[in-house]
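Trainee: Could you take a close look at one part of this model with me? I'd like to go through the salt bridges.

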Amino acid sequence: MEFPFPTLKNRITPNNQFFIRSHFNIPNIDATNWELEIGGNTNHVIKINLSELKKLPAKKVMATIECAGNGRANLAPKVKGLGWEQGGISNAEWTGVPLSVLLKKAGIKVGTVDIILEGNDEGMITEEPKSPGKIKFARSIPLNIAMQDHIIIAYEMNGKPLSAEHGFPARAIIPGWYGMASVKWLMKITASEKPFDGYWQTIEYAYWKRVEGLPTLTPVTTTLVKSEISRPVLFEAVPAGKPYQVRGAGWSGDSNLSKVEISTDKGNSWQPAKLIGPAIPFAWQLFEFEWVVPAKTGRYSLMARATDQNGKTQPMEHDLDRRTYMVNFISPIDVDVI
C-alpha cells in the first residue's frame, strides 16, 4: 500500500496512511509469548520479552522510511517488481530501545563485523531468482552502524503500539537506510564474524557496484538524495495566469538538505523552493514554491531537484547499475494549464 503522496500536508505520516511493504504473509504473533533472541558471536545468548524491552531506557527517533524500489513505475521500459509511484515512503516518530543497549547486554565478542536482523515472516520466492525453499526475511547492518544510538528496536509508531502490518510487536528502525533494513516482526539478532550474504542481502536488494571496472553485486544501504512534488499531481488542470503553490518533500539518508529547486521549463532553469520547518536528521523536509502560472494555456512540465549538505544532487537519469533500486532521478510532473 502506497502513502497517498498528493495528500502530503504534515511532516508526520498518519499510521493508517503509512506505506506497507511485506514479502510474505503478516505473521500472527502473540505478544505474551514473543521473545527477541540476541546471540551469535556474543558472550551470552539472551532472550527478552516485550514487557522487559519496554522497561529499558526508551529513545524517540523521527525517521523517513523509503522502499528501495520507490519510483520504480517511472523506469522505462517497464521492469519487474512492485510498480511503486511516489508513495513507497513515509515518515514517523518511532519509540524503542537502542540496538546497542541489547548488544551490550549480550556482550559482543571481538571479530564481529555484521549484525543480522531476522524477522518472523517467511515463505518461498517462486519467481526467478527462486529461493531454496522457505526462507525468513533477514538483513544485516555493519557493527559500527548497529552501535549508533539512533538505531533502535521500536515498539511504538507515532506514540501508538505497532500495528500488525508495521511489525508488531517490535521491529528494527535503521534511519538513513532504505526500508528493507528496518526488519519487521523481529525475532532474532545475530552477531556474525563474517559479512552476511543471505538472499535479501546479495540477490535481492543488491545493485551492481564496479570494482576496478568489474560489476559486483553489493547490498543496497543508504537512502539517496531525492525530492518529489506532491501538488500539483500528474496531469492536474491548473488555472492560467494565477499563482499556484507547488508542494512536496525532499530527503537524504546521510545528510540534511541544503536546498530544493523547482523548474517549470523542463529543466532549462531552476528557482529555489522554500524549505519548511527545521532540518531533522533522517527525516524528510517539506517544501513549497509559488509558481506564477503562465497566461498561455497548454501542457507544462514541473521538476523538483534536491541537493543535500554533502553536495549530492538528484540526477536526471536512472543509473542502470542500480537495477530497479535506489530510483532517485528527477521525475517530471506534467500539468495542463487551462
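Predicted model: local features only at pLDDT ≥ 70, side-chain atom pairs only at ≥ 80, totals over all residues.

Which residue forms a salt bridge with lysine 136, and how far apart are the closest N and O atoms?

Mentor: The partner of lysine 136 is glutamate 122, and their closest N and O atoms sit 3.7 Å apart. Lysine 136 belongs to strand S6 (residues 135-142) and glutamate 122 to strand S5 (residues 114-123), so this pair ties together parts that are 14 residues apart in sequence. As for solvent, lysine 136 is partly exposed at 26% relative accessible area, and glutamate 122 is partly exposed too, at 39%.

That pair is one of ten salt bridges that a search of the whole structure turns up. Another one joins lysine 80 to glutamate 204, with 4.0 Å between the closest N and O atoms. Here lysine 80 is in the loop between strands S3 (59-66) and S4 (89-98), while glutamate 204 is in the loop between helix H4 (199-202) and strand S11 (206-211), so the parts being tied together are 124 residues apart in sequence. Glutamate 204 counts as buried, because its relative accessibility is 14% and the cut-off for buried is under 20%.

Then there's aspartate 254 with lysine 312, a salt bridge at 3.6 Å, N to O. This pair links distant parts of the chain, 58 residues apart: aspartate 254 is in the loop between strands S15 (243-251) and S16 (257-263), and lysine 312 is in the loop between strands S20 (298-308) and S21 (333-337). Aspartate 254 is partly exposed at 42%, and lysine 312 is partly exposed at 44%.

One more thing to click on: Lys259, Glu261 and Arg305 are joined in a salt-bridge network.

Note on methods: Residues numbered from 1 in each chain as written. Heavy atoms only, no water. Salt bridge = Lys/Arg side-chain N within 4 Å of Asp/Glu carboxyl O. Helix = DSSP H or I, 4+ residues; strand = E, 2+ residues; numbered from the N terminus. Buried < 20%, exposed > 50% of the residue type's maximum accessible area, 1.4 Å probe, protein only.
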